[in-house]
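Visitor: I am new here and would like to be shown around. May I ask how you know things as we go?

Guide: Please do; here is what we will look at.

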Amino acid sequence: MPAPGVEPFCGTGLPPAEGRFGARRATAEWIAADGRRAGPEDVDVIHEDVLTIEVADVGAYALMWTPTTDTFRAVGYTLADGILADDGIPEPLALAAGFVFTEGIVEKLEDIAEMSVCPERPDVVRMRLVRPEGVAVRRRNVVVNSACGVCGGRERLRDDALRAAPVTDRLRMSVAAFEPIRMALQAHQGIFGRTGGAHGVVLFGPGLEVLAVAEDLGRHNALDKVIGQRFLAGHGFAGCGVFITSRVSYEMMAKAARAGCEIVAAISAPTSLAIEMADRLDITLCAFVRGDSARVYTHPRRIVDA
């Protein structure tokens, strides 16, 4: 069942940007402060849709998200057969897997018995767990919007800190090394380039190699997508870091900590709770990473000279 009060739907009512995923076409008029006008003209806007993740015997979660690939095809995953798709890891499955993992609904890939999306309902991912009776969920049957937020007060910070496993200590990099990672992200930000409305995230490895890139209107979704890609591929997160285009909130830090990322770096600012959590969990938190400088808020030992 969908989350209460949420009617799953496909599409925003706006026509798609021709030949493109992740964007829709709208009409806008440019007006200057002095009253000059130009237009109306067709523009690209970020595609906002609803993806409902139905976890049998656990709950339903309606996420506001941006589909950046073709979702109108049958795809699936089973514990026995792995990914069932023509090519790569399907984006809805990556988001769903990343979400249930970073929410603490599953601990490992083997906890997921099966997932599926059918072309008739591309806005719904149906998931069945191996042991749903053993799941201790913090929230169920909810709408998770593109901004998300903290559910449960400051005690949630303590609980998440206790649940998160200690991160490894393999990753070392210089401030200058962030630049090629940022450039790699920028090269994949086609939706942002067209709409100006998408967040981006890069997951990188201990050799600073790019492991996964994702875009979405929700920064939490973009982070779940890259974590989900790595998770569904059956790989671990030891020595990994993430670079994000948004501010670092508590919720973003909790998701990165759940995956075991050693470094969280952002173009924008961190929040006080994000700094507190990074400090507790031995995660190096960098913000205002722009060009040749960065502010390092916690555990600076991982940031070394070039």
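Visitor: Which residue with a positive phi follows α7?

Guide: That is Asp282, with a phi near 65°. The model is predicted, so local features need pLDDT of at least 70 and side-chain atom pairs pLDDT 80 or more, while totals for chains, interfaces and linings use all residues. Residues are numbered from 1 along each chain as its sequence is written, and side-chain values use heavy atoms, without hydrogens and water.

Visitor: What makes Phe101 and Phe231 a stacked aromatic pair?

Guide: Rings of Phe, Tyr and Trp (its six-membered ring) pair if their centres lie within 6.5 Å, and planes under 30 degrees apart count as stacked, over 60 as edge-to-face and the rest as tilted. Here the centres are 4.5 Å apart with 10° between the planes, so the pair counts as stacked. Phe101 lies in helix α1 and Phe231 in helix α5, so the pair ties together parts 130 residues apart in sequence.

Visitor: Why is Phe101 called buried?

Guide: Buried means under 20% relative accessible area, exposed over 50% and partly exposed in between (1.4 Å probe, protein chains only). Phe101 has 7% relative accessibility, so Phe101 counts as buried. Phe231, at 6%, counts as buried too.

Visitor: How do you know that the charged end of Arg295 sits over the ring of Phe288?

Guide: The term applies if NZ of Lys or CZ of Arg is within 6 Å of the ring centre and within 35 degrees of the ring normal. The charged end of Arg295 is 4.7 Å from the centre of the Phe288 ring, and sits over that ring.

Note on methods
Helix = DSSP H or I, 4+ residues; strand = E, 2+ residues; numbered from the N terminus.
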